Amino acid sequence: MAKKIELSRFLDVFYIPEDDDDCPVERGETFCSSRCGCECTRKEFDRAVKGARSIVKRLNKVGVGWKGRVWENCGWQFGADSGSVRVWGDSTLSTFNCMISDHVDGGGGSMLWTSGISATTPEEAVRHAYSAMEDRLKSFFGAVRQAALAIDDQDHVVRMATRILGG
Ligand SMILES: [Zn+2]
């Protein structure tokens with residue numbers, strides 16, 4: 001028999017969809033939506049909520065704007081977003097990954113960069129992603145600089161950087 005769960009107490013980490021197909025239902029040990037259908041468990045969900053909250057607590061000590069996130073994808077996954085930066089962890093909280101997207105409010109957008117390296121802390125995951133992104137930006141800026149030099153427009157790189165960074 002399906003048991004109704006008061007999901008509002010997980011609102012800090014779990015968005016409750018209006019669409020019933022996306023809403024998880026508890027049946028025995030399982031806690032899964034009809035759209036997922038992978039028989040995700042309540043135990044996994046509780047662990048994911050705890051995981052999301054622990055990442056948020058940790059990252060908000062060193063940074064700002066981190067919000068927890070729990071979602072279903074054949075198993076309960078968890079992580080946290082700060083604007084366009086998303087971190088997620090594995091179920092044992094021993095490895096973390098980070099993705100930087102072009103969506104300033106988090107939750108989707110196109111991936112701009114992910115390091116592809118699993119880190120042992122959420123902070124390290126963010127550092128891996130942005131230093132990998134920085135390396136890529138250096139090569140883009142280098143190419144633009146070379147193109148500007150090729151037509152003797154040396155100020156172009158400075159004008160471009162000013163425009164991009166909104167200075
Ligand atoms: Zn599921």
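Which residues have the most contacts inside the largest nonpolar core? In this predicted model, they are A52, V70, A80, V87, C98 and A129. The core itself has 27 residues. Several elements give two or more residues to it: β3, α1, β5, β6, β7 and α2. The largest share comes from α1, with six residues.

The overall fold is considered next. The protein chain holds three helices and eight strands. Along the sequence, these elements follow the pattern β-β-β-α-β-β-β-β-β-α-α. The C-alpha trace spans about 75 × 30 × 25 Å along its principal axes. The radius of gyration of the chain is 20 Å, whereas a compact globule of 167 residues would have a value near 15 Å. Buried residues make up 25% of the 167 residues. Among contacts with a separation of 6 or more, 35% join residues 24 or more positions apart.

The pattern opens with three strands. These form an open sheet in the order β1-β2-β3, with antiparallel pairing. Strands β1 (2-3) and β3 stand at the edges, and each has a single partner strand, so one side of each is left without a neighbour in the sheet. Strand β2 covers residues 25-27 and pairs with β3 over three bridges, in the antiparallel sense. Within this pair, E26 stands opposite F31 of β3. In general, strands of a sheet pair through backbone hydrogen bonds, either parallel or antiparallel.

With residues up to four places away in sequence left out, T41 touches E29, T30 and F31. T41 and D90 are 49 residues apart in sequence. In space, their C-alpha atoms are 16 Å apart.

Strand β4 (residues 67-72) runs antiparallel to β5, and six bridges join the two. In this pairing, G68 stands opposite A80 in β5. A80 is also one of the residues with the most contacts inside the largest nonpolar core. β4 and β5 form a hairpin with three residues between them. The turn includes C74. Phi of C74 is near 45 degrees, a positive value in a residue other than glycine. C74 is exposed, because 11 other C-beta atoms lie within 10 Å, and the limit for an exposed residue is 12 or fewer.

Strand β5 takes up residues 76-82. Five of its seven residues are buried, so the strand is largely enclosed by the rest of the structure. β5 also pairs with strand β6 (residues 85-89), in the antiparallel sense and over five bridges. Here D81 stands opposite R86 in β6. This second hairpin has two residues between its strands. G83 in the turn has a positive phi of about 60 degrees.

The next pairing joins β6 to β7. It is antiparallel and has five bridges. The bridge partner of G89 is F96 in β7. β6 and β7 form a hairpin with six residues between them. In the turn, L93 has a positive phi of about 55 degrees.

Is β7 largely enclosed or exposed? Six of its six residues are buried, so β7 is largely enclosed by the rest of the structure. In a regular strand, side chains alternate between the two faces of the sheet. In β7 (96-101), F96, C98 and I100 point one way, while N97, M99 and S101 point the other way. All are buried. C98 is also among the residues with the most contacts inside the largest nonpolar core.

Toward the end of the chain lie two helices, α2 (122-150) and α3 (156-165), and D152 is found in the loop between them. D152 has a positive phi of about 55 degrees although it is not a glycine. This residue counts as exposed, because 7 C-beta neighbours lie inside 10 Å.

Terms used:
Residues are numbered from 1 along each chain as its sequence is written. This is a predicted model: local features need pLDDT of at least 70, side-chain atom pairs count only at pLDDT 80 or more; totals for chains, interfaces and linings use all residues. Two residues are in contact if their C-beta atoms, placed from the backbone, lie within 7 Å. Helices (H or I, at least four residues) and strands (E, at least two) are DSSP runs, numbered from the N terminus. The radius of gyration is taken over C-alpha atoms; the globule rule is 2.2 Å times the number of residues to the power 0.38. A residue is buried if 20 or more other C-beta atoms lie within 10 Å of its own, exposed if 12 or fewer, and partly exposed in between; C-beta atoms are placed from the backbone. Two strands pair if DSSP finds at least two bridges between them. A nonpolar core is a set of buried Ala, Val, Leu, Ile, Met, Phe, Trp, Tyr and Cys residues joined through C-beta atoms within 7 Å.
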